[in-house]
Structures are given as structure tokens and as C-alpha cells.
Amino acid sequence: MPRIEGIALYEIVGSREAVVAPNAYVGIRPPHARENLLLLLSDDGRCGITNLVDGPGEGVELDAGWMVGLDPREAFAWQGGHVTARAPAHEGALRATPGLDIALLDLCAQSESVPLWRLLGDGARPNAPAYDSTLYFDDLVDGDGGVDPVVRRAVAALARGHRALKIKVGRGLRWMSWPECTERDIAVCLAVRRAVGPEVTLMVDANHGYGRYVDDAVDFLTETADCAFAFAEEMVDDGEVAALRAALRTRGLEVPLAGGEEARGLAWCREQWSACPLDIFQMDMCRTGFLEYLAIAEFARDNGLRLAPHNFGTRIGVCAAAHLARAVPQAVWCECDDSAFPQYDSSGATLRDGALWLDERPGLGILASDPRVAPGSDEAPSAAGQNGTALRGGA
């Protein structure tokens with residue numbers, strides 16, 4: 001079997017259609033995105049890829065020497081052609097950097113000439129339902145633009161192929177005073193619903209913006225009941241989720257509650273879910289990795305829950321989440337934004353009619369160039385690293 005003979009890591013910069021408007025707690029961000037592009041280079045010329053979210057930068061180092069010379073299949077336990085667990089010999093290293101298993105399984109699937117999702121399960125659905133998450137507080141970017149700037153973002157997302165949209169709310173945390181903040185949150189959601197029509201699925205995300213104001217969160221969800229939100233994400237602080245659910249029921253509302261993007265894995269589910277009764281877990285895809293998500297999926301199955309991995313500014317995370325949703329029944333949504341990275345080819349996952357469709361190319365479906373091939377060579381399939389900064393590599 002092929003073995004890993006080198007490692008390359010780059011910080012790459014991608015683009016967005018516009019600046020990222022504020023959400024409940026962060027101000028305007030520039031119109032670009034960044035990934036820590038990790039390439040695992042095998043001795044047969046293949047590249048396994050991941051976005052190393054917790055990787056090098058700001059004084060953090062990647063301990064990668066243990067992978068050199070490794071057959072990537074040896075990092076895992078297998079049964080019936082499916083990956084089931086981390087191999088005991090590499091348990092600690094994989095848990096220390098969960099996103100590594102995305103790149104390792106990318107190589108495994110390429111060596112077997114199958115799409116990566118086939119290593120995760122038998123197949124749950126023919127595609128991966130997706131939603132757009134670019135509807136931030138665009139009304140506050142240039143003065144007070146009212147609801148129209150957010151509506152325009154919604155229309156643009158539909159033009160990209162989305163049929164489900166997530167709307168940011170929680171303006172009262174930093175940006176607007178009460179009651180205008182809640183009134184604007186309500187007005188934006190109702191305006192988007194009117195603009196996109198009843199067939200488009202809507203979600204809402206407050207980034208904890210209603211924390212300590214459970215009653216206001218209930219008022220907001222009551223006034224927007226006609227939006228029929230598929231879920232309400234991080235409306236309040238984690239310790240207030242049970243109170244929010246109880247308050248909604250007193251008004252006859254059953255809105256699925258989502259959260260957990262800052263959590264790291266199964267341990268959080270076991271320790272916190274009873275006190276934070278979410279319906280949908282949203283651990284970050286690149287911070288969690290495939291193996292931990294398979295374990296979380298078992299917990300979700302046993303407790304009647306669903307998964308919708310968090311992604312922000314990473315195309316690799318979108319593709320990884322699509323493979324998870326293709327294989328795992330509990331993974332029901334992929335979060336997408338408008339980030340694009342010219343340094344690699346991710347056309348193996350295409351958005352069409354509200355879903356990500358994966359083609360049959362082996363592995364994760366992302367083609368990145370091998371830095372061992374000279375830039376400009378006919379052998380180089382793309383330009384990974386040419387527009388990024390090398391952080392650290394090993395061989």
C-alpha cells in the first residue's frame with residue numbers, strides 16, 4: 001500500500017463576494033477567507049487534504065513526524081470496508097489534531113479508487129442537503145439600510161443554487177438597543193420570507209445574541225412563526241436552552257434548537273446534552289473530523305437527534321460535510337458560504353437545487369497540486385500553495 005513520504009502546509013487566502021457583515025458579536029470582516037491547507041503526500045504521487053483549523057500559526061506547532069512512512073490505513077480500525085475507529089497506536093495523535101483524519105481518509109479512499117463517503121457508511125441519501133449562511137447584518141454595514149441589504153443577499157444565495165437560507169439575528173447584543181433590535185430581527189426574517197416565497201427553507205442563528213434574554217428570544221420566535229424555521233441556532237446561552245424550550249412550549253411552539261459548534265466531540269454530548277437539550281448538534285467539521293463525527297452520529301441516533309456540521313470560510317469543510325451527509329443518516333445539513341479558493345479544484349462537489357452532489361472521483365474530491373512537482377509543469381493539476389505562504393513542511 002502507498003505510504004506517506006512528505007507533508008506540506010500552507011496558509012492560503014480565498015475570496016468572498018463581499019465583506020462579511022457583523023453578526024451578534026463580531027464586526028465587519030474583509031472579503032476573504034483563510035485555510036491552513038495541509039497536504040499529506042504519498043509515495044505514489046497522491047495528496048490527502050484537510051483544512052487544519054487548529055494548526056500552525058500564532059505559536060502552534062503540528063507534530064507530524066509520526067505520519068511519515070505510515071500507510072494511512074494503519075491509522076484506523078476497519079470492518080467490512082468501513083472505518084470504525086482510530087487505531088490504538090495512533091489514538092492520541094489523532095485526537096490531538098482531529099482534522100487530520102480527513103486528509104488520512106482522503107488518501108485511503110484514493111488508494112481504493114472510491115469516493116471518501118463510501119469508507120464512512122453504506123450511503124444515506126443520493127446528495128447532501130445544503131444551506132447558505134451569508135445573511136449577516138448587512139443592514140448595518142453602511143449606516144442603517146433597513147431590511148433590503150439582507151434581502152438582496154438572500155436573492156443572491158438563491159441565484160447560486162441554494163434552496164435553504166440561514167439568517168443571522170441577535171442585533172441587541174452589541175449593535176442596537178431594545179426594543180429596536182428585536183423588531184429589526186423580526187422585520188428582516190419576515191422580509192426574507194416574503195422575498196423568497198414559501199418553498200425556500202429558512203433557519204435562524206443568533207450566536208447567543210439573546211443570552212440572558214430568554215423571554216425576548218421567545219417573543220422573536222413567536223413573531224416569526226410564519227417563517228417556519230427548520231431550526232433556531234444558538235438563540236441563548238447553553239445553560240438557558242432548557243428554559244427556552246419550556247417557554248416555547250407554553251406558547252405552543254416547537255422550534256428545533258441547534259448548537260454546539262464550539263464543542264469538540266462526543267464527550268460534550270454525553271456530559272452536557274441533558275442540561276442543554278438541543279435537537280441538532282453542530283460541531284465544527286474541520287475541528288471535529290470524521291471519526292469523532294461517526295461517534296457523535298451514534299449518540300444522535302440513539303437519542304433521536306440530528307447533525308448539521310458548522311463551517312465558516314472553508315471549502316474543504318463544505319466538501320467534508322457533504323461526504324458525511326452522503327454516508328450518515330443523522331447528518332442532515334451542510335453549511336455553505338460564498339468562500340472560494342482558486343488554489344485547488346473542488347468541483348467534485350457541486351451545488352444544484354439546494355443540495356451538494358458528489359461525483360465519483362476518488363477521495364474527498366478536491367484536486368490539489370503536489371508541491372514536489374515544479375509550478376508550471378504539465379504534471380501539476382492546480383496551483384496549491386502558489387498563492388499561499390508555506391508554514392511548515394516535512395519529509
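Buried, as I use the word here, means under 20% relative accessible area. The model I looked at is predicted.

**Entry 1, strand S3.** I looked up residues 47-51, which make up strand S3, and found that 5 of its 5 residues are buried. I then checked the two faces. On one side Cys47, Ile49 and Asn51 are buried, and on the other Gly48 and Thr50 are buried, so by the under 20% cut-off both faces count as covered.

**Entry 2, the partner of S3.** I looked for the pairing of S3 with strand S2, residues 32-42. The two strands run antiparallel and are joined by 5 bridges. The hairpin has 4 residues between the strands, and Gly45 takes a positive phi near 90°.

I looked up the largest nonpolar core, which has 114 residues. Phe281 is among those with the most contacts inside it, as are Leu105 and Val192. I listed contacts of Phe281, leaving aside neighbours within four places in sequence; they include Trp268, Trp273, Tyr293, Phe299 and Arg306. Another core, of 9 residues, lies apart from the largest one, and Phe231 and Val332 are among its residues. In soluble globular proteins, nonpolar side chains tend to be buried together.

Which residues form a nonpolar patch on the surface? I found Val19, Ile28 and Val141, with about 200 Å² of accessible area together. Val19 sits in the loop between strand S1 (4-15) and S2.

Notes
Residues numbered from 1 in each chain as written. Predicted model: local features only at pLDDT ≥ 70, side-chain atom pairs only at ≥ 80, totals over all residues. Heavy atoms only, no water. Buried < 20%, exposed > 50% of the residue type's maximum accessible area, 1.4 Å probe, protein only. Pairing = 2+ DSSP bridges. Core = buried A, V, L, I, M, F, W, Y, C linked by side-chain atoms within 4.5 Å. Contact = heavy atoms within 4.5 Å. Patch = residues over 30% accessible without salt bridge, like charges linked within 9 Å, V, L, I, M, F, W, Y side chains within 5 Å. Areas by Shrake-Rupley, 256 points an atom, 1.4 Å probe, with all protein chains shown as cover. Salt bridge = Lys/Arg side-chain N within 4 Å of Asp/Glu carboxyl O.
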